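User: I would like to learn how to read a protein structure, one feature at a time. Could we work through an example together?

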Amino acid sequence: MAAEEHLAGISQLSFQRLIENIADGVLVVDLSGDVLYANPAAAQIFGQPVEKLLHVPLGRPVVSGETAELTVPRPGKPPAEVEMRVVELGWDGHAALLASLRDVSAQRAADERRRQSQKMEAIGRLAAGIIHDFNNLLTVFDSGVKLLERQLKRDPAHPNVNLLLDQLRKRIENGGALTQQMLAFSRRQALAPETIDINERVESLTRLLEQTLGSEVTVCRNLTPELGEVHIDANQLDVAILNLAVNARDAMEGRGTLTIETGNASGELEDMDTATTSFVRVTVRDSGCGMSQETLAQVFEPFFTTKPEGEGTGLGLSQVYGFVHQSGGHVRIDSSLGKGTSVHLFLPYAGSR
């Protein structure tokens, strides 16, 4: 086709017949930006009659071939959110630009409503997760109170009284930490790290777990002596271990062996990209049903749970993951169907970060 024939393009009449009734707005503007043609859909987008758009200098649209998003102000109406794409064409023998306009205001509004709905659903599930964890904490607290009552009746002066009171105070501190846990997953939580003895912390926590998880769950400790100190938020560590212990009990259906181990982790993280080489490992191991590889691939996702509706929020492991990673550590899970699960928390030694 000769250049002159290509420039002539399609006639104004045939063009109008082709697109007069399509849903998308169409504008044709000359190279100076004056409107040569507007279909009814374009007039509706601009909130103006067609005749008021013709020969109005809108200016040259975006570069030919590109798509742009713009907000179109309209008299007496809310602005329209528009997607526009521009192509070159010939218009009655002259070079011109065709702008295709799609009003996406309704779609954007629907998307925003959907986002708000999802946000409210997430907030509800977060609230359910916090309530779930508070219930777990209250169970531990209730067991401690009962132990304290029995001890006071037997011997109020026994050293166990002060020990139990100390444990109850720590559980109260855990409760304050719960409301901050979800921020750990997004790495926006302000932790309050302190230098602690991991073995001592595990010892104090498991004494209450023995009374909390039920008579058919045996709690074992396998603690490596002289581990050294870890700089970490002690309250969040307690809550993480509590979450893992409750998950383990559920995986064992209330009957089995829960083992909490500590040890040095030298050489155990060779498959991970980490600048820190000195870690303490805290392992929570159960003799439960285990997990498939498909489940393992999803366990750290917020809200993922294998429990029936209403019995789990899927928040526990994502919270543990967020807290440990924010503390400069790592989490690894070993599990297979029918062989139980081991969750390893690798926590950096004090001074190694």
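Analyst: Start with contacts along the chain. Among contacts in the protein chain between residues at least 6 apart in sequence, those that join residues at least 24 apart make up 64%. Keep in mind that this is a predicted model.

User: What percentage of the 353 residues in the protein chain is buried?

Analyst: A residue counts as buried when its relative accessible area is under 20%. By that cut-off, 42% of the 353 residues in the protein chain are buried. As for the surface, the protein chain exposes about 18900 Å², and 52% of that area is supplied by carbon and sulfur atoms.

User: How do I apply the cut-off to one residue? Is Trp 91 buried or exposed?

Analyst: Compare its value with the cut-off. Trp 91 has a relative accessibility of 6%, so it counts as buried. This residue lies in strand E4, which covers residues 77-91. Trp 91 also shows how sequence and space can be read side by side: Leu 36 is 55 residues away from it in sequence, while their C-alpha atoms are 8.8 Å apart.

User: Which strands pair with E1?

Analyst: Look for bridges between strands. E1 pairs with strand E5 (residues 94-103) in the antiparallel sense over six bridges, and Val 26 stands opposite Ser 100 there. E1 is also joined to strand E2 (residues 35-38) by three bridges, again antiparallel. Val 29 has Val 35 in E2 as its bridge partner. E1 and E2 form a hairpin with four residues between them, and Gly 33 in the turn has a positive phi of about 100 degrees.

User: Which residues lie on the covered face of E8, and which on the uncovered one?

Analyst: On E8, Val 230 and Ile 232 form the covered face, whereas Glu 229 and His 231 form the uncovered one. E8 pairs with strand E6 (residues 194-197) in the antiparallel sense over four bridges. In this pairing, His 231 of E8 stands opposite Thr 195.

User: What should I look for in phi values?

Analyst: Most residues other than glycine have a negative phi. Glu 226 has a positive one, near 50 degrees. Its place is the loop between strand E7 (217-223) and strand E8 (229-232), and it is exposed at a relative accessible area of 80%. Glu 253 also has a positive phi, near 55 degrees. Glu 253 is found in the loop between H9 and strand E9 (256-264), and its relative accessible area of 75% makes it exposed.

User: Which residues touch the most other members of the largest nonpolar core?

Analyst: That core has 42 residues, and Ile 198, Leu 237, Leu 258, Leu 345 and Leu 347 touch the most other members. Helix H9 (residues 234-251) gives the largest share of this core, nine residues. A second, separate core has 17 residues, including Ala 42, Phe 46, Ala 80 and Val 82.

How values were computed:
Residues are numbered from 1 along each chain as its sequence is written. This is a predicted model: local features need pLDDT of at least 70, side-chain atom pairs count only at pLDDT 80 or more; totals for chains, interfaces and linings use all residues. Side-chain values use heavy atoms; hydrogens and water are left out. Helices (H or I, at least four residues) and strands (E, at least two) are DSSP runs, numbered from the N terminus. Buried means under 20% relative accessible area, exposed over 50%, partly exposed in between (1.4 Å probe, protein chains only). A nonpolar core is a set of buried Ala, Val, Leu, Ile, Met, Phe, Trp, Tyr and Cys residues joined through side-chain atoms within 4.5 Å. Contact means heavy atoms within 4.5 Å. Accessible areas come from the Shrake-Rupley method with a 1.4 Å probe; for residues, only the protein chains shown count as cover. Two strands pair if DSSP finds at least two bridges between them.
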